[in-house]
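Me: I'm new to this one. Can you walk me through the pockets, cavities and charge pairs?
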Amino acid sequence: MLSRVFAVLAVLLATFIYRSGQLVKHGMLTLPALPQSYYVNGDVQTHCAVIQEPSHTLGSCEDAVFWDHLDADGNVAARFVIAGCDPNRKAWNTVMGPLRDPEPRGYLWLVDTLDNGLQRIELAGFPEGHDFHPLGMEVTPSRNGAPSIFYVVNHARGETTIEQFVISPDAPTEAHWQRTLSSRWFVSPNSLALTNETSFYVSNDHLMTRRLPFPLAPVLPMTESIAALPLSWLAHVTVNPDGTITHELAALGVPFANGVAISPDGTTLALSSTSLGQIYFYDRNTTTNELKYREAASVPFFTDNLMFDEDGALIATGHPHFPSLIAVAANKTDARAPSWSVSLTPLSKDTHFADNAQRKLYDLRAPLSASTIVPASKGWELETLFQSDGSVFGTSTTALRDLRTGALYMVGLYEEGMMVCRP
C-alpha cells in the first residue's frame, strides 16, 4: 500500500513539473538565489521600513487594499490602506492548514499613506461568537464623504463566508457589519474584485478543501495543488436587496485560482493560477460581466494576490519557494520564506506580437532576473519591484503601488508588520 502511495505522488509530481516547467525547478525543487533584499527605486535600508504594532496584531496579513476618498470632482483627496490580518493563522488556515484553533479573531488595520499612521478598525455590530479570519477583501471608494461598501472573505470555523460592512470617512476606524453572505457555491472563496457596490467576482481556490474529513484532507487538497488540477473557478456574485445572492460561473478550469483584479477601464480581468505560477487574462464585458479568455503570462513565483495601478500596470506578488513557505507555516526552527513582487506593464500593439526570442533577457536590474526562471510574456513587460530571501521581509502575498507617491506597500502571510518603500 505504501509503495502505491509513493507511486501516485511521483506521478503527481511529474505532472506538476511537466506543466509548470522552470518555475518548479526554481520554486519547488531548489531555493532561488534571491538577495537579502532589493527594491527597484533604491537601497532597502534607506527607502523601506516595516510598520509594526506593539501587541503584534498587525501580522500575518493576507490581503491589503487601497481605500480612496474622492472629492466632488472624482479626484483622490486622501488614500488609506486597509489590511486584513490574522496572527492566529498558524493555528487556523483553511487553505494550507492546520485547522486546529479557530477561536482568536483576526483584525483589520487602517494605514494613512501620508504619514504611515496606524489605527485598528473595530467591527461594529459584528455578531457575538462569530469567527473572523480575513482573507481577500475589497472596498468601494468614498465619493465626496459618502460611506463605502466593504466586503471581506471570512474563513470561519463552520464555513467560509463573505462579510459585508459599511465604513465611512467620518468614522474610519469603525466597520459597521451589515450581513453575512453564505452560499453552497462558496466552496473555497479567496479573493474579490468589485464590479459595483452590490456585485463582485470571487475566486474559489480549491474544489477539494482542508475542511474535508480525514483522510480525504489533507491528501485531496494537496493533490489538487501539487498536480495543478484545473478544478477551481471564478464566479460573479450579485447581492440582492433582501440579502440573497445571484451566483454565476465566470471562468472554469483554473489550477488553484487565487488573486483577482480588474483593470482601471474595466475591460481586462486578471486571475492568478497559483499552482502554475501564471496569470490568466480575460476580456471583460463591462455590461454583462462575461469573460473571454485572452492570454496567460508567467511570473517567477507561485502567484498570490494582484492589483492594477492607475496606469493599468498589474502588480503581482507571491511565493518564490513553496517548501520554505510550508516550513514557516509549520513553525520550523529558523525557517524563513522569500518574497517577490513584480509589475506587468501592457505592451503596445506594435510590440505585442514580437518574437519572444528577441526578449529572452529582461528584468535586468534585479539581482535575480525573472528571465532566468520564466520566458518573456507576449503582451506584458515584467519588472521586479521587490525581492528578498525572507531575511528582510518574507512570505509576501500582496503589494500595492501608489502612483501618486511611488510608494509600495507589502504584507506577508506569516510576516509581522507591513513594509512600506518610498522612492
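This is a predicted model: local features need pLDDT of at least 70, side-chain atom pairs count only at pLDDT 80 or more; totals for chains, interfaces and linings use all residues.

Me: OK, so is Arg79 buried or exposed?
Reply: Arg79 is buried, because its relative accessible area is 4%, under the 20% limit.

Me: Which residue does Arg79 pair with at 2.6 Å?
Reply: Asp68. The two form a salt bridge, with 2.6 Å between the closest N and O atoms. Arg79 sits in strand 4 (residues 76–85) and Asp68 in strand 3, 11 residues apart. Asp68 is buried, as is Arg79.

Me: What about Glu310 and Arg79, how do their side chains meet?
Reply: In a salt bridge, at 2.9 Å from N to O. Glu310 is in the loop between strand 20 and strand 21 (314–319) and Arg79 is in strand 4, so this pair ties together parts 231 residues apart in sequence. Glu310 is partly exposed, with a relative accessible area of 37%.

Me: Why do such side chains pair at all?
Reply: Opposite charges can pair when the charged atoms come close.

Me: How many salt bridges are there in the whole structure?
Reply: The search finds 12. Another one joins Arg157 and Asp131, at 2.7 Å from N to O. Arg157 is in the loop between strand 9 (148–155) and strand 10 (160–168), while Asp131 is in the loop between strand 6 (118–124) and strand 7, so parts 26 residues apart in sequence are tied together. Arg157 is partly exposed at 40%. Asp131 counts as buried at 5%.

Me: Which residues are joined into one network by shared partners?
Reply: Asp68, Arg79, Glu310, Asp402 and Arg404.

Me: Switching topic. How much space lies in the largest pocket?
Reply: About 1,100 Å³. Its lining has 37 residues, and Glu138, Val139, Pro141, Ile262 and Phe308 lie nearest the centre. Among the strands that give two or more residues to this lining are strand 3 (61–70), strand 7 (134–139) and strand 20 (302–308).

Me: Which strand gives the most to that lining?
Reply: Strand 12, with 6 residues. By class, the largest pocket's lining divides into 19 nonpolar, 9 polar and 9 charged residues.

Me: And the second largest pocket, what volume does it have?
Reply: About 430 Å³. It is lined by 20 residues, and Arg210, Met222, Ser225, Phe322 and Ile326 are the closest to its centre. Helix 4 (216–226) and helix 5 (322–329) each give two or more residues to this lining. Helix 4 gives the most, with 4. The second largest pocket's lining has 14 nonpolar, 5 polar and 1 charged residues.

Me: Which residues of helix 4 are buried?
Reply: Ala217, Pro221, Thr223, Glu224 and Ser225 are buried there. Just after helix 4, Ala228 has a positive phi of about 50 degrees.

Me: How many cavities of 30 Å³ or more are there?
Reply: The count is 4. The largest cavity has a volume of about 180 Å³. Its lining has 16 residues, with Val95, Met96, Asn258, Asp304 and Leu413 nearest the centre. Strand 20 and helix 5 each supply at least two residues to the largest cavity's lining.

Me: Last one. Which residues make the nonpolar surface patch?
Reply: Trp185, Leu249 and Leu252, over about 310 Å². Leu249 is in strand 15 (residues 245–254). At 45% relative accessibility, Leu249 counts as partly exposed.

Notes
Residues are numbered from 1 along each chain as its sequence is written. Side-chain values use heavy atoms; hydrogens and water are left out. On a 1 Å grid over the protein atoms alone, a cavity is a set of points where a 1.4 Å probe fits but cannot get out, and a pocket is an open set with protein on both sides within 12 Å along at least five of seven lines; lining residues have an atom within 4 Å of a point. Grid points are joined across faces, edges and corners, and a volume is the space filled by probe spheres set on the points. Ala, Val, Leu, Ile, Met, Phe, Trp, Tyr, Cys and Pro count as nonpolar, Asp, Glu, Lys and Arg as charged, and the others, Gly among them, as polar. Patches are made of residues with over 30% relative accessible area and no salt bridge: like charges are joined within 9 Å, nonpolar side chains (Val, Leu, Ile, Met, Phe, Trp, Tyr) within 5 Å. Accessible areas come from the Shrake-Rupley method with a 1.4 Å probe; for residues, only the protein chains shown count as cover. A salt bridge is a side-chain nitrogen of Lys or Arg within 4 Å of a carboxyl oxygen of Asp or Glu. Buried means under 20% relative accessible area, exposed over 50%, partly exposed in between (1.4 Å probe, protein chains only).
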